[in-house]
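Work through the exercises below with the structure in view. Try each task before you read its solution.

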Amino acid sequence: MDERVGNHREDTRRTGPVRKEAYSVDLEALRSASRRGLPAFSETSRSLIESIENRRKRGAWMGLMRGIIERPRLATVLVGGALAAVMLFVPISYERTVGHEVAFTLSGMSPGAEAVSEIAKEMKSAIGADRVGVRMAVAAGGTSGAEHTLTARVPDGSHGRVERLAASYAAVLAKRGAGATFSVSPVRDLVRSNVYLAAANSIINIRVGDRSADEIADDIRWQLESAGVVGAEVDVSTDEGCARICVRASAEGNPELPEIQCETEGEADQKCLRLELRRTPEMTDADLIADIERQLAEQGLSGTVTLDGDGCPKVELDE
Amino acid sequence: MKRESQGADWTRLLDLLSPIHDDARALARRLARSAADGDDLFQEALLRAFDKISTLREEGSFRSWFYAVLLSVHRSRCRRDFWRRFLSLEDLRGRGREPAGEDDRRLSDEEMRARRVSRALARLPALQREAVVLFEIEDCPVEEIAALQQISVSTAKSRIARGREKLRRYYERLGFHMEGAGPVRRKRRPARRAPGRDDSQRPAWSAAESLPPLETHDG
């Protein structure tokens, strides 16, 4: 019955006597049976190409869902719905600038002077602070030269606005003969919100309409700081309905810069020209101008590009 | 550009696969519980090989490379199906194809043997099953098995030995014992006989179907 009895394959791997296990004959049967009815190579080729095409059409995301849900349309609805639900209803935590800390350092005042507490009260209203704390450091060897640091927490997310307020109050103090220096630093807090807001946090949306340059600039600074961008400089000028917005931020301390979107209002033919300049140390002005011209061309525009003293581009578009 | 490079990739893959196509297909079926499962395993491995074809350094080593991919996909599928404790009863002959042959009884006997050992192999952990199939059916040297499974030669030998031991015990429970180097003999069990039935009507290969599961552990 079994042709293979006494006719086993010469096994060069084994060095000892060959034992015929009970399962060995069955394994030989499996060897034969598994080669019976194999699909032809042409069928294998065809099905591979089909699988690749199907996978490409479905996309990477659907490739992940493959095998989980059989009905592609339902899967799309479910996945999209799930994503929307996550975005709208699932709270997540992310950091957001919730205010600024302003520190005024007053030097040359007597320790514990009444003037210091007066300044503290005045400062609170001048810069719109929640509270002001006073810390005093006295130089060794005497009571003169004490240094008072007044620290205020301002619930305003706009760095520019807070800095302007602090600067104007410092000027007031200087006129009174009180030497003061100040610093402004953002206060970031963990905020729980939904994914949608967190995603929006990384997009700077510039709305240009009938707002003044200062309003636009403040708005941009607020959004940049909320997105965690530090040290950004914003210049906005408007001229006959055309706004020129220049945002400069150093890559140092800003590993990720947010996406900037421009939204126009008013006339239908108003356009928002957006230029994104990523200047590396080895780039020359000519390289920068060439890059701007390339971006103009990509947007179907042409013009004369120059750089002002601050390195901000000025573009005069061709008619 | 991407589609062109993909086209070049699958052309390259198919060219390399052509000489080993039948062997690789058969290996997939031997690792799986049935021909249909084996064909699915092969197809999945082929798709993964397509994705990874750029990692193939030497075309001369395509066979080993593809077998490694096949084994990897085999293990992934086993992990996915870890809760499955039943065996597929699908016909080993393949979907929709009736066996052709002059001696139907002989084909049926071979098929039953193949099915029996497939069931036995399915009770082994994936790694032991691979080692035993590669050694016993594919005639791979231990060194090659060690390379494919990325283990030491001693571990490969140990894995094969443990797998074979489990197969031996499975067959002993079925009533099959080894006698010297001769053919397989089955110990006769006292059987309940239906009234009027004699021994000539009992099939020669009948085996107990319900057995306690073998202890399994990864080796």
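**Exercise 1.** At roughly what angle do the axes of helix 6 and helix 8 of chain B cross, and within what distance do they come?

*Solution.* The structure is a predicted model, in which local features need pLDDT of at least 70 and side-chain atom pairs count only at pLDDT 80 or more, while totals for chains, interfaces and linings use all residues. Residues are numbered from 1 along each chain as its sequence is written, chains are lettered from A in the order in which they are written, and side-chain values use heavy atoms, without hydrogens and water.

Step 1. Find the helices: helix 6 of chain B covers residues 126-136 and helix 8 of chain B covers residues 153-174. Helices are DSSP runs of H or I with at least four residues, strands are runs of E with at least two, and both are numbered from the N terminus.

Step 2. Take the axes, which are lines fitted to C-alpha atoms over the stretch in contact, with angles from 0 to 180 degrees between N-to-C directions. The two axes come within 8 Å and cross at roughly 90°.

Step 3. Helix 6 of chain B is therefore roughly perpendicular to helix 8 of chain B, a label for angles of 65 to 115 degrees.

Step 4. List residues in contact (heavy atoms within 4.5 Å). Helix 6 of chain B contributes residues including B:Leu127, B:Ala131 and B:Phe135, and helix 8 of chain B contributes residues including B:Ile160, B:Gly163 and B:Leu167.

**Exercise 2.** Is B:Arg169 buried, partly exposed or exposed?

*Solution.* Step 1. Locate B:Arg169 in helix 8 of chain B.

Step 2. Apply the cut-offs: buried is under 20% relative accessible area, exposed is over 50%, and partly exposed lies in between (1.4 Å probe, protein chains only). B:Arg169 has 24% relative accessibility, so this residue counts as partly exposed.

**Exercise 3.** How many of the 11 residues of helix 2 of chain B are buried?

*Solution.* Step 1. Helix 2 of chain B spans residues 21-31.

Step 2. Nine of its 11 residues are buried, among them B:His21, B:Ala24 and B:Leu31.

**Exercise 4.** Which residues touch the most other members of the largest nonpolar core?

*Solution.* Step 1. A nonpolar core is a set of buried Ala, Val, Leu, Ile, Met, Phe, Trp, Tyr and Cys residues joined through side-chain atoms within 4.5 Å.

Step 2. The largest such core has 58 residues, and A:Leu48, B:Phe62 and B:Phe66 touch the most other members.

Step 3. Helix 4 of chain B (residues 62-80) supplies the largest share, eight residues.

Definitions and conventions:
Angles under 35 degrees count as roughly parallel, over 145 as roughly antiparallel, 65 to 115 as roughly perpendicular and the rest as oblique.
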